[in-house]
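Trainee: Could you show me how to read charged pairs and buried positions in a protein model?
Mentor: Happy to; let us open it together.

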Amino acid sequence: MEGLSVRLGDITLDNPIIPASGTFGYGFEFAELYDLNILGSIALKGTTREPRFGNETPRIAETPSGMLNSVGLQNPGIDHVLEHEIPELKKIYHKPLILNVGGFSEEDFAYVCAAASREPAVGIIELNISCPNLHSGGANFGTSPDEAYAAVKAARGATDKPIFAKLSPNVTDIKSIAAAAVEAGADGISLINTLLGMRIDIKKRTPVLKNRTGGLSGPAVLPVALRAVYEVYDAVSVPIIGMGGISCAEDVIEMMLAGAVAVEVGAANLVNPFICRDIIEKLPETMKKYGISNLSDITGGAH
């Protein structure tokens with residue numbers, strides 16, 4: 001489809017649509033529904049140094065126009081992902097992948113990034129700096145410029161692959177954190193991660209989630225995500241992957257006008273497993289409606 005291609009640094013995507021980490025698994029289930037090669041890329045499920053079972057259940061709760069999750073980075077660990085998940089995915093998907101990396105110390109980030117460097121199919125490392133730093137009292141890496149800088153710096157020293165720092169919206173000044181990540185060597189920024197929220201069971205008078213709080217995603221967070229992308233676009237000069245509440249072609253264009261080069265579609269995959277395919281197919285018609293010839297021309301167009 002003409003006019004859909006975009007560039008994330010040195011990587012060209014056929015279109016800007018990427019299933020978001022944690023909402024698409026490792027792609028196999030969706031491969032039964034449609035040809036995954038229609039996608040711009042795939043952001044793989046968050047991967048850590050060691051296998052993780054994740055948080056206790058219940059860890060999912062519905063909300064108006066969204067959902068809460070406290071899955072807790074359940075994954076089989078980086079070694080298993082490199083030995084099994086990615087090789088299997090490469091048999092059916094033939095484009096560069098985005099590996100989402102989580103960690104609880106600077107050493108964790110460095111270890112997983114170094115391991116990921118061995119896999120040619122990984123085109124971008126998406127560094128989830130919304131994880132708690134266990135070496136500094138549990139505060140999230142992404143909640144202060146200094147912590148963000150330290151996490152990205154550790155990752156940068158361990159890999160030559162492009163690093164996109166994934167930022168949390170649960171902060172006062174997301175611009176300073178983005179700037180710190182770029183100063184430490186990030187090649188791009190991904191935002192936003194989920195918003196912290198909770199629900200309470202009125203009958204039981206207890207939080208619905210076993211973990212009490214969880215991350216809010218879905219259409220309800222789109223205005224917050226747009227604001228964050230808009231602000232960060234003015235603060236840094238690296239490409240941005242925008243995400244948060246995207247569920248249609250119009251949302252994609254709006255996010256790109258705010259400053260994103262590409263977008264990730266998250267919670268919508270859990271509602272409609274064909275949503276990424278449908279958005280890609282709808283984009284040419286939507287572009288024509290708004291007089292857009294090339295999507296690559298509209299990034300930051302609302303500034």
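Predicted model: local features only at pLDDT ≥ 70, side-chain atom pairs only at ≥ 80, totals over all residues.

Mentor: Residues are numbered from 1 along each chain as its sequence is written, and side-chain values use heavy atoms, with hydrogens and water left out.

Trainee: How many salt bridges does a search of the whole structure find?
Mentor: A salt bridge is a side-chain nitrogen of Lys or Arg within 4 Å of a carboxyl oxygen of Asp or Glu. Searching the whole structure gives nine salt bridges. One of them joins Glu119 and Lys90, with the closest N and O atoms 3.1 Å apart.

Trainee: Which parts does that pair tie together?
Mentor: Helices (H or I, at least four residues) and strands (E, at least two) are DSSP runs, numbered from the N terminus. Lys90 is in helix H2 (residues 78–90) and Glu119 is in the loop between helix H3 (106–116) and strand S8 (122–128), so the bridge links parts 29 residues apart in sequence.

Trainee: Is Glu119 buried or exposed?
Mentor: Buried means under 20% relative accessible area, exposed over 50%, and partly exposed in between (1.4 Å probe, protein chains only). Glu119, at 8% relative accessibility, counts as buried, whereas Lys90 is partly exposed at 36%.

Trainee: What about the pair Arg277 and Asp278?
Mentor: Their side chains meet in a salt bridge of 2.8 Å, N to O. Arg277 has a relative accessible area of 24%, which is partly exposed, and Asp278 is also partly exposed, at 28%.

Trainee: Which side chain of opposite charge is nearest to Glu264?
Mentor: For charge, Lys and Arg count as positive and Asp and Glu as negative; His and the chain ends are not counted. Glu264 is buried without a salt bridge, and the nearest side chain of opposite charge is Lys166, 4.6 Å away. Glu264 sits in strand S16 (residues 262–265). Contact means heavy atoms within 4.5 Å. Leaving aside neighbours within four places in sequence, the contacts of Glu264 include Ile18, Glu126, Ser190 and Met243.

Trainee: Where is Ala180 found?
Mentor: Ala180 belongs to helix H5 (residues 174–183) and is buried, at 8% relative accessibility. Beyond neighbours within four places in sequence, Ala180 is in contact with Pro145 and Tyr149.
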